[in-house]
Amino acid sequence: MHGLPLLILIITLVIVQKHLLLHAKKFDMSYPREYEIAFVGLKPGEHYFTYEITDKFFEPFQEQDFKNCHAVVKLKLDKQSGFMLLKFDVDGRVELICDRCGNNLQIQLWDEFNMAVKMADDADLMNEREEDPDIYYISRGESHLHIAEWVYEFINLSIPIQRMCKEDEIGGPQCNTDVLERLKLMEDEVKTDESSLIWKGLDQFKDLQ
Ligand SMILES: [Zn+2]
């Protein structure tokens with residue numbers, strides 16, 4: 001009887017959790033050295049980096065709601081004087097649970113993200129004041145760029161908010177028909193309850209006639 005409201009609650013919680021994850025500050029974590037770019041040693045101009053991302057990458061972070069991640073993140077770093085332009089290309093796939101039928105669902109990741117990294121005297125203060133999420137400040141004394149959290153964020157942002165089998169696949173091989181049928185039954189039950197309640201209230205007037 002309470003199955004449908006419960007399902008809606010669970011879906012809402014999952015969405016809220018995703019947003020909390022993205023905005024959580026992730027301090028005190030150690031990432032592999034390959035996610036630290038020693039940019040001071042780089043010549044001006046374009047430099048290319050490639051990262052193979054699997055489930056192992058996400059271990060230092062909180063538990064993810066997807067698995068079997070196989071993604072490649074390509075980074076183009078354009079070093080200029082006083083700033084750097086970063087372009088991240090995300091390409092790959094993850095497996096997650098369909099919001100509608102509960103089946104495993106494979107999602108293609110394909111997206112790109114741009115960041116401008118600027119040198120500043122008071123980087124922390126500048127970051128606090130900056131409203132553009134694509135601009136990040138590092139202090140002039142800094143020698144390394146830490147990109148693990150960006151990679152983490154960009155992979156998560158590449159996953160669509162709506163995680164469902166496509167419309168034309170309802171009841172198709174990708175969708176779990178058992179669950180869909182049970183959901184339909186629950187919806188019908190709710191409707192029947194609502195209509196019988198209307199008649200219940202009117203019953204007491206029957207004898208008055
Ligand atoms: Zn489905």
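**Exercise 1. In the hairpin of S4 and S5, which residue takes a positive phi?**

Residue numbers start from 1 along each chain as its sequence is written. This is a predicted model, in which local features need pLDDT of at least 70 and side-chain atom pairs count only at pLDDT 80 or more, while totals for chains, interfaces and linings use all residues.

*Solution.* 
- Step 1: find the strands. Helices (H or I, at least four residues) and strands (E, at least two) are DSSP runs, numbered from the N terminus. S4 spans residues 83-97 and S5 spans residues 104-120.
- Step 2: look between them. Six residues separate the strands of this hairpin, and Gly-102 has the positive phi, near 80 degrees.
- Step 3: check the pairing. Two strands pair if DSSP finds at least two bridges between them. S4 and S5 run antiparallel and are joined by 15 bridges; in one of these pairs, Arg-93 has Gln-108 of S5 as its bridge partner.

**Exercise 2. Work out the order of the strands in the open sheet, and find which strands stand at its edges.**

*Solution.* 
- Step 1: start from the whole chain. The protein has four helices and seven strands, in the pattern α-β-β-β-β-β-α-β-β-α-α along the sequence.
- Step 2: follow the pairs. S3 and S4 are antiparallel, with twelve bridges, and Ala-71 is partnered by Gly-92 in S4. S5 and S6 (residues 135-139) are parallel, with five bridges; here Val-117 has Tyr-136 of S6 as its partner.
- Step 3: The order of the five strands is S2-S3-S4-S5-S6, with mixed pairing.
- Step 4: read the edges. S2 (45-53) and S6 each have a single partner strand, so one side of each has no neighbour in the sheet.
- Step 5: From one strand to the next it averages 20 degrees. Axes are lines fitted to C-alpha atoms, for helices over the stretch in contact, and angles run from 0 to 180 degrees between N-to-C directions.

**Exercise 3. Find the elements that H3 lies across, and describe the largest nonpolar core.**

*Solution.* 
- Step 1: place the helix. H3 lies across S2, S3, S4 and S5, at about 140 degrees to S5.
- Step 2: pick out its buried residues. A residue is buried if 20 or more other C-beta atoms lie within 10 Å of its own, exposed if 12 or fewer, and partly exposed in between, with C-beta atoms placed from the backbone. In H3 the buried residues are Val-151, Tyr-152, Phe-154, Ile-155 and Ser-158, and they pack against S2, S3, S4 and S5.
- Step 3: follow one residue. Two residues are in contact if their C-beta atoms, placed from the backbone, lie within 7 Å. Beyond four places in sequence, Val-151 contacts Tyr-35, Tyr-51, Ile-53 and Val-73.
- Step 4: collect the core. A nonpolar core is a set of buried Ala, Val, Leu, Ile, Met, Phe, Trp, Tyr and Cys residues joined through C-beta atoms within 7 Å. The largest one has 23 residues, and Ile-53, Ala-71, Val-73, Val-90, Val-151 and Ile-155 have the most contacts inside it. Two or more residues each come from S3 (66-79), S4, S5, S6 and H3 (148-158), with S3 giving the largest share, six residues.

**Exercise 4. Decide whether Lys-76, Asn-68 and Glu-112 are exposed or partly exposed.**

*Solution.* 
- Step 1: Lys-76 is in S3. Lys-76 is partly exposed because it has 15 C-beta neighbours inside 10 Å. Away from its neighbours within four places, Lys-76 contacts Glu-46, Tyr-48 and Lys-87.
- Step 2: Asn-68 also belongs to a strand, S3. Asn-68 is exposed, because 12 other C-beta atoms lie within 10 Å. Its phi is positive, near 50 degrees, in a residue other than glycine. Most residues other than glycine have a negative phi.
- Step 3: Glu-112 is in S5. With 13 C-beta neighbours inside 10 Å, Glu-112 is partly exposed. Leaving out residues up to four places away, Glu-112 touches Lys-87, Phe-88, Asp-89 and Val-90.

**Exercise 5. Over which residues is the pLDDT below 50?**

*Solution.* 
- Step 1: take the overall view. pLDDT is the predictor's confidence in each residue, from 0 to 100. The protein's mean is 83, and 76% of its residues reach 70 or more.
- Step 2: locate the stretch. The pLDDT is below 50 over residues 18-28, which have five contacts in the model beyond near neighbours in sequence.
- Step 3: read with care. Where pLDDT is low, the predicted coordinates should not be read in detail.
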